[in-house]
Amino acid sequence: MTDHDITPDAGPHPVPGSDGFSDAEAAFISEMGSLMERWGLPQATGRLFGYLLLRNKPVDLDTMTRELGQAKSGLSVAARQLEAWSLVRRSTRAGSRRIDYEAVGDLQHLLLVNNAHMRKFTETLSSGIPVARGEARDRLASLAGLFSGYVEQTEALVAAWEARRAAAS
């Protein structure tokens, strides 16, 4: 896919060597599906994210359906899941009711989205500390401290990376 205007794929998933995807592209899309499945999301959601990461421009559901060979309804659900995770954004074209989707590609955004989930996880762990007793209380406090530190370190990493990027511009 040089410009990522992929030809239709006849199969239900990207197939290495198919007319629409190179072996490497198909492998990436499939691996993203497997990865996100391990995070508790459907494989279709991960495959769609991998596909959108390889695109150079926003794409509508009809195009996704044709190129990925998956049902439009499933891709619509996957796109909404990715949007809820702030991994894709939707847009519309002037004079059209079609919705286009594109991957949010900046690393710092992805890390900060993850941090928002980790911050909520930390808050939930912390809310259990007052009601827990003994070892359970210690375990909750330790986990909350660990994830709080993770969030702080990730925010510092993103700030340093943005400063280096700005300095290089």
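**Reading a pocket and a helix pair**

α5 gives the most to the lining of the largest pocket, with five residues. This is a predicted model, where local features need pLDDT of at least 70, side-chain atom pairs count only at pLDDT 80 or more, and totals for chains, interfaces and linings use all residues. Residues are numbered from 1 along each chain as its sequence is written, and side-chain values use heavy atoms, without hydrogens and water.

Q: How many helices and strands are there in the protein?
A: Helices (H or I, at least four residues) and strands (E, at least two) are DSSP runs, numbered from the N terminus. The protein has six helices and three strands. Their order from the N terminus is α-α-β-α-α-β-β-α-α.

Q: What is the volume of the largest pocket?
A: Rolling a probe the size of a water molecule over the atoms shows where empty space is left. A pocket is an open set of points on a 1 Å grid, where a 1.4 Å probe fits, with protein on both sides within 12 Å along at least five of seven lines. Volume is the space filled by probe spheres set on the points. Here the largest pocket has about 230 Å³.

Q: Which residues line the largest pocket?
A: Lining residues have an atom within 4 Å of a point. Among them are Met 32, Trp 39, Phe 49, Asn 114, His 117 and Tyr 150. By class, the lining has 10 nonpolar, two polar and no charged residues. Ala, Val, Leu, Ile, Met, Phe, Trp, Tyr, Cys and Pro count as nonpolar; Asp, Glu, Lys and Arg as charged; the others, Gly among them, as polar.

Q: How do the axes of helix α2 and helix α4 cross?
A: Two packed helices are described by the angle between their axes and the distance between the axes. Axes are lines fitted to C-alpha atoms over the stretch in contact, and angles run from 0 to 180 degrees between N-to-C directions. The axes of α2 (residues 43-54) and α4 (residues 72-84) come within 9 Å and cross at roughly 75°. So α2 is roughly perpendicular to α4 (65 to 115 degrees). In the contact (heavy atoms within 4.5 Å), α2 uses Ala 44, Thr 45, Leu 48 and Phe 49, while residues from α4 include Leu 75 and Ala 78.

Q: Why does Leu 41 count as buried?
A: Buried means under 20% relative accessible area (1.4 Å probe, protein chains only). Leu 41 has 11% relative accessibility, so it counts as buried. Leu 41 lies in the loop between α1 and α2.

Key. Parallel < 35°, antiparallel > 145°, perpendicular 65-115°, else oblique. Buried < 20%, exposed > 50% of the residue type's maximum accessible area, 1.4 Å probe, protein only.
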